[in-house]
Amino acid sequence: MQVRSGIAVSPGVVVGQALVLGSENFRIPKKFVSRDAVEAELLRFQTALGHVCADIEEHEILVSEKMGERCAAIFSAHLQMARDPKVVGEVETLIKDSKYSPEYAVSRTLRAFAEQMQNLGDQYLAERAVDIFDLEKRLLRELLGERREELTNLTQPVIILAHDLTPGETATLDPKYVLGFATEVGGHTSHTAILAGALEIPAVVGLGRCLAGVSGGETVILDGDHGQVVIDPDEPTFKRVKDSQARNLRVTERLESLDKLDSATQDGQRVHVYGNIEFPEEVEHCNKRGADGVGLYRTEFLYLGGNREPSEEDHFTAYSRVLKACGDLPVVIRTLDIGADKVPARIRDRFADSQNPMLGLRSIRLSLQSTPLFKVQLRAVLRAAVHGNARIMFPLVSSLLEFRQAKMILMDVMEDLEDEGIDFRRNLPIGMMVEVPSAIILAEEFAREVDFFSIGTNDLIQYTLACDRSDPSVAHLYRSGDPSILRMIQMVLKAADKHGKPVTVCGQMSSDPRFVPLLLGLGLRNLSATPHSIPRLKEVVRNISIPEAERIAAHACTLDLARDVEHYLLGELGRLCPDLVV
Ligand code: PEP
Ligand code: MG
């Protein structure tokens, strides 16, 4: 049994078979063969090995003729490895004695060698592990032939283990077959992590390097509540997981029966709990959980999914669907937040030179530099707005000029639609995300010009603490409970209150029940969260009064370490709603 710890980013505990993704998405179809099949399977391995060696030899000759012996040496290394009696003997023993399928035996043997090389403490040898992976790929390609499976063609439920998944790849995962996923890299609020929540797929990220020794086909427990991945679990671990799954299910069922209740505190203060969505279909997840509307629609996923630029009609159809499904409830449509870790494959070149994409051409900056692209989206938002209660929001605004420019382009688009005689809504509220410290320092000035604020803590934490939200090596520094973040939120609430402007928190901080008492106590009355967390957030709201929340917030603000703030808030949550502390 191997236990790996990472960062829990999407809740739920699942058990299933591992599908390990390398650079090519091979899937080991079965782990064992029957006793009668052993001889035939040995022969299949030897034949595949023969073909692979012949193939490598051919390449070696070709490359040596064209580019010289130095370049061809890489193939000699592969050949040496493929013929190494220790490697071949080990694979054959696993097929004969353990009745492993040749695919599984090859992968297990080569990955174990690769792992040993990576752990020898020699940089050169560690880098040579790629040659072993290369040989593994060649052998699997030969053994599996046409039976190679792609991520999008899964036919059986699996738990995906990968070095990384891009937000685009994650967006194509089918929750019917992907029980959960875990990645070696990634942070708390990387967009891959956020998507896992949107798709309601349990997920753990930031495991660190650990997949070299895993072939696929192993039984895996993925615990998205505690950030743990267990490979080949033993019996007591299985039992512990089953108990925790049952406990979780009981809480979820109890809370779902209360979904239709409004969220008001014990002393009658109404608190709005909205949903964050990435895909139009998710609006049903919000409605099912009794959300008060959509507080954040991340529209850039229209660009990340498909392989062509979405047209005005594509935008219009998506927004109309969400607005119609919400009726009178508000829907905050955020304009494109492309850039950083969300770059459509077809325009990746445009960002290739950026040394630091999180600080580069991203979000509203990109929209302001690509006016035709921006206008297509704005036209669609204004047209769809006639179908419901739409609001428009600009992301990553860092100066007043940016906000004014974006607003001016919106006015231009209104004039165009007017001239063309196209139906649209003119008077929709215009707000901004607060996710850069400069926007907080100037919050009073912004408050005079915006109709509402929405605090994006995911980016705010990254830019305030200088901590990449996707980098697991600084994940311990990336903390919602940092006193600087608490003060930033207080500053926005104060400035907004002075000008009578509403504020929502829509970063992942507001999806975490621990922070609800704190945020209410600071004066926040609107939360926008991942849909599956809504029942738990409403439960906290129903179990607290405003004076009590104010007392909790006041005490939290006296603490000077993030760790102490979070520990204190966890204790308070345990007191208010014991079964929410898993
Ligand atoms: C945020 O930054 O908190 C936010 C909600 O936006 P995103 O996660 O899409 O960057
Ligand atoms: Mg953001």
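Reader: What is the distance from an oxygen atom of ligand 1 to an N or O atom in the side chain of H191?

Author: The general idea is the polar contact, a pair of N or O atoms within 3.5 Å; within protein, one must be able to donate a hydrogen and the other to accept it, and residues adjacent in sequence count only if both atoms are side-chain atoms. Here, an oxygen atom of ligand 1 lies 3.1 Å from an N or O atom in the side chain of H191. For the side chain of R334 the corresponding distance is 2.9 Å.

Reader: What should I know about the model and its numbering before going on?

Author: This is a predicted model, in which local features need pLDDT of at least 70 and side-chain atom pairs count only at pLDDT 80 or more, while totals for chains, interfaces and linings use all residues. Residues are numbered from 1 along each chain as its sequence is written, chains are lettered from A and ligands numbered from 1 in the order in which they are written, and side-chain values use heavy atoms, with hydrogens and water left out.

Reader: How many residues surround ligand 1?

Author: A residue is near a molecule if one of its heavy atoms lies within 4 Å of it. For ligand 1 the number is 17, and the closest are R298, E435, G456, N458 and R469. Helices (H or I, at least four residues) and strands (E, at least two) are DSSP runs, numbered from the N terminus. In those terms, α7 (191-199), β10 (294-298) and α17 each supply at least two residues of the shell. The most come from α17, with three residues.

Reader: What kind of space does ligand 1 take?

Author: On a 1 Å grid over the protein atoms alone, a cavity is a set of points where a 1.4 Å probe fits but cannot get out. A molecule sits in one if more than half of its atoms lie within 2 Å of its grid points. The space taken by ligand 1 is the largest cavity.

Reader: Which residues coordinate the magnesium ion?

Author: Donors are N, O and S atoms within 2.8 Å of the metal (3.2 Å for Na, K and Ca); water is not among the atoms, so sites may look incomplete. The magnesium ion, ligand 2, is coordinated by E435 (OE) and D459 (OD), at 2.0 to 2.2 Å. E435 is in the loop between β13 (430-434) and α15 (437-441), and D459 is in helix α17 (residues 457-464), so the pair ties together parts that are 24 residues apart in sequence.

Reader: Are E435 and D459 buried or exposed?

Author: Buried means under 20% relative accessible area, exposed over 50%, and partly exposed in between (1.4 Å probe, protein chains only). Both E435 and D459 are buried.

Reader: Why is α7 described as largely enclosed by the rest of the structure?

Author: Nine of the nine residues of α7 are buried, so the helix is largely enclosed. Among them are H191, T192 and L199. E200 follows α7 and has a positive phi, near 60 degrees.

Reader: Where else is phi positive in a residue other than glycine?

Author: One case is S363, with phi near 60 degrees. S363 is in helix α12 and counts as buried because its relative accessibility is 0%. Another is L396, with phi near 50 degrees. L396 is in the loop between β12 (389-394) and α14 (400-420), and at 1% relative accessibility L396 is buried.

Reader: Why does D341 count as partly exposed?

Author: D341 has a relative accessibility of 22%, so it counts as partly exposed. D341 lies in the loop between β11 (330-334) and α12 (363-369).

Reader: Which side chain does R542 contact?

Author: The side chains of R542 and E539 are joined by a polar contact of 3.2 Å. R542 is in helix α20 (residues 534-542) and is buried, with a relative accessible area of 17%.

Definitions and conventions
1 Å grid on protein atoms, 1.4 Å probe; cavity = no way out; pocket = protein on both sides within 12 Å on 5 of 7 lines; lining within 4 Å.
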